[in-house]
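Welcome! Have a look at the structure, try each task, and then read on.

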Amino acid sequence: MNSFVHKTLVVQLQAGDTDRFSVLAHLSYDAADPFAVTVVFSHDGRVLARWQLDREMLGEGLRRPVGVGDVRMRPESLGMWQELRMEFLGDARPDGGRHHAVVFAWAPAFAAFLRETHEVVPPGREEVSVDDFLANVIAGG
């Protein structure tokens, strides 16, 4: 069985007061890190941002508002169009504010990706080796 899931989606990015524009979201899931989904946003071959997200939070964000820190998600409807709205707060800016971006993704595509990850590691069946985790932390990984 494959322990890795990857999908590339076209999403809409809105940074600051700009209009939305299309970027790629490269989603990846590895059974070796069963709680995490990595998302790399890119445009014209350039990486804009890389975030490691909680897989369960992504699933919840498709149904209801979640998150209170640097990452917040919620479902949004525009007529028949169902979106997942992901808000990211980044590093501090010189003016004292923080970098801020909102990504809008087609919710059914994210749901399909999550279903594929659930085939690899069903929810509630995630396992992590504590010894390996501590060795990685001590090694500075």
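**Exercise 1.** Find the element that holds Trp106, and decide whether this residue is buried, partly exposed or exposed.

*Solution.* Start with the element: Trp106 belongs to strand 7. Keep in mind that this is a predicted model. Next, take the relative accessible area of Trp106, which is 42%. Buried would require under 20% and exposed over 50%, with partly exposed in between. Trp106 is therefore partly exposed.

Now see which surface feature includes this residue. Together with Leu78 and Trp81, Trp106 makes a nonpolar surface patch of about 340 Å².

**Exercise 2.** Describe the second largest pocket: how much space lies in it, and which residues are closest to its centre?

*Solution.* Begin with the volume: the second largest pocket holds about 210 Å³ of space. Its lining is made up of 13 residues, and those closest to the centre are Leu13, Leu48, Ala49, Trp51 and Ala101.

Then trace the lining back to its elements. Strand 1 (4-15), strand 4 (46-54), strand 6 (81-92) and strand 7 (98-106) each give two or more residues. Strand 7, the element that also holds Trp106, gives the most, with 4 residues.

Finally, sort the lining by residue type: 10 are nonpolar, 3 are polar and none is charged.

**Exercise 3.** Which residues form salt bridges with Glu60, and how exposed are the residues involved?

*Solution.* First, recall the general idea: side chains of opposite charge can pair when their charged atoms come close. The cut-off used here is a side-chain nitrogen of Lys or Arg within 4 Å of a carboxyl oxygen of Asp or Glu.

Apply this to Glu60. One partner is Arg63, with the closest N and O atoms 2.8 Å apart. Another is Arg64, at 2.9 Å from N to O.

Glu60 has a relative accessibility of 21%, so it counts as partly exposed. Arg63 reaches 57% and is therefore exposed. Arg64 has 43%, so it is partly exposed.

**Exercise 4.** Are Glu87 and Arg85 buried or exposed, and which network of salt bridges includes them?

*Solution.* Look at the pair first: the side chains of Glu87 and Arg85 meet in a salt bridge of 3.2 Å, N to O. Both of these residues are buried.

Then widen the view. Arg74, Glu76, Arg85 and Glu87 are linked in a network of salt bridges. For the whole model, the count comes to 7 salt bridges.

Definitions and conventions: Residues are numbered from 1 along each chain as its sequence is written. This is a predicted model: local features need pLDDT of at least 70, side-chain atom pairs count only at pLDDT 80 or more; totals for chains, interfaces and linings use all residues. Side-chain values use heavy atoms; hydrogens and water are left out. On a 1 Å grid over the protein atoms alone, a cavity is a set of points where a 1.4 Å probe fits but cannot get out, and a pocket is an open set with protein on both sides within 12 Å along at least five of seven lines; lining residues have an atom within 4 Å of a point. Grid points are joined across faces, edges and corners, and a volume is the space filled by probe spheres set on the points. Ala, Val, Leu, Ile, Met, Phe, Trp, Tyr, Cys and Pro count as nonpolar, Asp, Glu, Lys and Arg as charged, and the others, Gly among them, as polar. Patches are made of residues with over 30% relative accessible area and no salt bridge: like charges are joined within 9 Å, nonpolar side chains (Val, Leu, Ile, Met, Phe, Trp, Tyr) within 5 Å. Accessible areas come from the Shrake-Rupley method with a 1.4 Å probe; for residues, only the protein chains shown count as cover. Buried means under 20% relative accessible area, exposed over 50%, partly exposed in between (1.4 Å probe, protein chains only).
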